[in-house]
Amino acid sequence: MKALDAFPEPALSDNLPPPSFFNRHAKSIAAVAALLVFAAVGYAVYRLTEEVTYADVIRSLEATSASSIALAVLFTALSFVTLCFYDLNALSHIGRKRPWPEVALTAFSAYAVGNVAGFGALSGGAIRYRAYSRAGLSPDEIGRIIAFVTVSFSLGLALLTSGSLVPMAGEIAPLLGISSTTLATVSTIILIAILLLLGIARRGGLKIAGRTLRLPDTGTLSRQFLVTMLDVAFAASVLYALLPAEAQISWPAFFAVYAVAIGIGVVSHVPAGLGVFEAVILAALGSEVPGDALLASLVAYRAIYYVLPLIIAIFVVTATELRQLSASPLATGVARTAGRLAPTLLAALALVLGAMLVLSSVTPTPGDNLDLLAGFLPLPLVEGAHFLASILGLMLVVVARGLAQRLDGAWWGTLLVALLALVLSLAKAVAVYEAALLAILVIGLLPSRRLFHRRASLGQALTSSWLLAVAVLIGGAVIVLLFVYRDVEYSHALWWQFAFDAEAPRSLRAMLGLTVVAMGVCLFSLMRPAAPAIHPAGEEELAKAVAILDRHDVADANLVRTGDKSVMVSPDGEAFLMYGRQGRSLIAFLDPVGPKASRDELVWQFVETARASGCRAVFYQASPAILPVIADAGMKAFKLGEMAVVDLERFDLKGGTWAGLRQAAAKGERDGLTFEIIPTENVAAILDDLRRISDAWLDHHRAKEKGFSLGAFTETYMTAQPVAILRHGGRIVAFADILLTDTREEASIDLMRFAPDAPKGAMDFLFVRLMTTLRDQGYRHFNLGMAPLSGLSRREVAPVWDRVANTFYEHGERYYNFKGLRAFKSKFHPDWQPRYLAVAGGLNPVLALLDATLLIGGGLKGVVKK
């Protein structure tokens, strides 16, 4: 029934409104909003620290005791151990188990990277998707893990914040400039409201925007709340341990302030909550803690709680890579997980070190270091090293994206930039700590070389998330520059002052160079070319694709023969992918066909082609086999339905299981039906008969030819493969074209049409005889095609996509026979294999699905006319 396999065609009209401006530019708008928030809080931080000097902050930082640092490191370790239980509880909640070392490494890395970056490809959710998809979890299960972690943390933080503000109102209210009664009253109301909502959701479910929220069982809920409480408490204790001894605030009051600051930082969507968190802490504690000491504590907190875990994760992954030859199954699992995480961890470290180099370029060098440099290096060399090191820092941020995408060029580029920056950091300021961190990046890169196997291409544009990171970095550098040299009177002469002690001019020149290069990077990324026209494959491309598909097992890949799709061939010529364009979607049909390495490379090539054209990349009917590389490419998968595949080796009409099919075969014989397979070379002789049946079938169903994921009746397509026919009284009354490959692993059909006067049950008879014949010829599987929207999660906690799709499945029979199609295919007792719609760029999958439907139906008019 391949003719029914198109996705459901919604009732559309010619006045269908186009996507709104917000929907088309949602990510860009969010990035601009986050940038504006960052600018506002940056200004707030600048005003809140008017009485603080950079030298005071450095003195306070140097005065931080070793015992305070040790205590902060201890609380950081306890916090990250606690964080691992989020994933363990989530896996338990969905009924899946994974070895705890794999879960611990994944969770630790997810939080280490998410804390530092917190956006796009460098986020905790993306890391979990990469690691857990390789471990065999489905996209639905991974989505439920991410949702469990996110919702549990959000609810736990809300409860902890409101709950702690009530008893501590008397101590915190003066910090906020309001009365303790007002704060206690508002906090109590919020706490009661949250508890009531949780109670409703726990018992009968809470409807929000048409969705029902149900919480897990009491035991899971209690464990998760305990985990959240310990996590926030340990994290707050890290910063509390770093506060100066004269700080006049109790731990419980500080805990409430910290929880509020973390929550506001998360809501702001600024990467890592940078500046937002600091602004809240400075505003709340500025009257209780000296400003210079508070700023020093915040700097130390960022270094210990954010950077240190990332470095530890790099060391763990590097050590695992070096010991990957271990024969232990447990070690093998950890090594596999480490291999999935290493590129993202290295990208996050490159991002951090790039920011470090940029910020150090706008801060003064210690006087003793300058005196040491003056005795060994000439001034022009020091000036040049300072300027170039800042530019290399920005380059590290740019190539970090390539590391996350496993590009070989990014690996070489990062290695070269890191080595150069290491040398220049010593030449510009004898920055030993900077050099040491850059050496860690180099050490992490070396054993991971094999993971960066994708060929890089020049001219790759940054996405909105990476442009936001660059903008936040440059904005942060400007704020730091203004803070450090607050007392320096600006004049044009500063630009031309060159001396070892001329720190402000040196920083100004570095800031100018950074701004110019950053603007160049952003303009290059924003000036994307218009989406080019997509042309169907030519004869030469089709010949290459057919030669490849004959060597592999995907029978449906024969749909490339329709000639209505474009073809993308892998660089090594061993794999191909067929695709089309509709609107701003570049849609690939099925997985790429070819060896795994070539197939994976094609996924990346396709995504980058779509991105360079200003389109969203879409995979229609993607199989679980390519989900890991789809995750690596930054795409999300949504279940589309299930493919029915019959195991021909156990297909037998004997026994009770097959009684229905046995009766259908007997009925067809009694009705005088005869079955025959017409070889490819003889199809042309009966083409006119087949065309009459096809035209009558289309007219009877008031349908028109489809395309893309379905074949159309054309002479070229029909004469390219064998055709199964049914005769009645010597006249052809039904046919189906057969899709085969030379491997005999799988067979399938595409067009299946019958005359209006064909005996009832003729199609059942055709399928039974076709499968029996193919089984006898040595074919191992028969692909009955996909049943759209079947097999989706019906749990109360199912993702939004599943809920929408299930609504279509239950109430869409008026437009499409969902249940009837699955019931027909179920007669043959197939194995149901999931198929997915994968979308890149975080855009609404419904828009991508609409484009796919229009492409299959031949545009809006084709869909409306059916």
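At what angle do helix α4 (residues 66–93) and helix α7 (residues 139–165) pack, and how far apart are their axes? The structure is a predicted model, in which local features need pLDDT of at least 70, side-chain atom pairs count only at pLDDT 80 or more, and totals for chains, interfaces and linings use all residues. Residues are numbered from 1 along each chain as its sequence is written, and side-chain values use heavy atoms, with hydrogens and water left out.

**View 1. Overview of the protein chain.** The protein chain has 31 helices and 13 strands (DSSP runs numbered from the N terminus: helices are H or I with at least four residues, strands are E with at least two). Of its 866 residues, 54% are buried; buried means under 20% relative accessible area, exposed over 50%, and partly exposed in between, with a 1.4 Å probe and protein chains only. Among contacts with a separation of 6 or more, 76% join residues 24 or more positions apart (contact means heavy atoms within 4.5 Å).

**View 2. Packing of helices α4 and α7.** The angle between α4 and α7 is about 125°, and their axes are 9 Å apart. Axes are lines fitted to C-alpha atoms, for helices over the stretch in contact, and angles run from 0 to 180 degrees between N-to-C directions. α4 and α7 are therefore oblique to each other; angles under 35 degrees count as roughly parallel, over 145 as roughly antiparallel, 65 to 115 as roughly perpendicular and the rest as oblique. α4 and α7 cross in a right-handed sense (a crossing is left-handed if the near helix is turned anticlockwise from the far one by less than a right angle, and right-handed if clockwise). From α4, Y86, D87, N89, A90, L91 and H93 meet R144, I145, F148, V149, S152 and F153 of α7. This contact of α4 with α7 comprises seven nonpolar, three polar and two charged residues. Ala, Val, Leu, Ile, Met, Phe, Trp, Tyr, Cys and Pro count as nonpolar, Asp, Glu, Lys and Arg as charged, and the others, Gly among them, as polar.

**View 3. Packing of helices α16 and α17.** Helix α16 (residues 379–404) and helix α17 (residues 408–429) have axes that come within 9 Å and cross at roughly 155°. That makes α16 roughly antiparallel to α17. The crossing of α16 past α17 is left-handed. Residues of α16 in the contact include V382, H386, L392 and L403, and those of α17 include W411, T414, L424 and K428. By class, the contact of α16 with α17 holds 15 nonpolar residues, three polar and one charged.

View 4. α17 and α18 pack at about 160°, their axes 9 Å apart. The two helices α17 and α18 are therefore roughly antiparallel, and their crossing is left-handed. Contact residues include W411, L415, L422 and K428 of α17, and V432, E434, L438 and L445 of α18. The contact of α17 with α18 contains 14 nonpolar, two polar and two charged residues. V430 is placed in the loop between α17 and α18 (432–445). V430 is not a glycine, yet has a positive phi of about 50°. With 23% relative accessibility, V430 counts as partly exposed.

**View 5. Loop around H829.** H829 is found in the loop between α29 (818–826) and β13 (831–840). Its phi is positive, about 50°, although H829 is not a glycine. Most residues other than glycine have a negative phi. H829 has a relative accessible area of 30% and is partly exposed.

**View 6. Surroundings of L542.** L542 sits in helix α21 (residues 539–550) and, at 18% relative accessibility, counts as buried. Neighbours within four places in sequence aside, L542 is in contact with A537, V560 and G563. L542 and V567, 25 residues apart in sequence, are 7.5 Å apart in space, C-alpha to C-alpha.

**View 7. Nonpolar cores.** The largest nonpolar core has 169 residues, and Y258, Y301 and F619 have the most contacts inside it. Such a core is a set of buried Ala, Val, Leu, Ile, Met, Phe, Trp, Tyr and Cys residues joined through side-chain atoms within 4.5 Å. Helix α14 (residues 329–360) contributes the largest share of this core, 15 residues. Apart from this core lies another, of 47 residues, among them L687, L690, F708 and L837. Residues up to four places away in sequence not counted, F619 touches residues including L577, L590, F606, M635, Y836 and L837.
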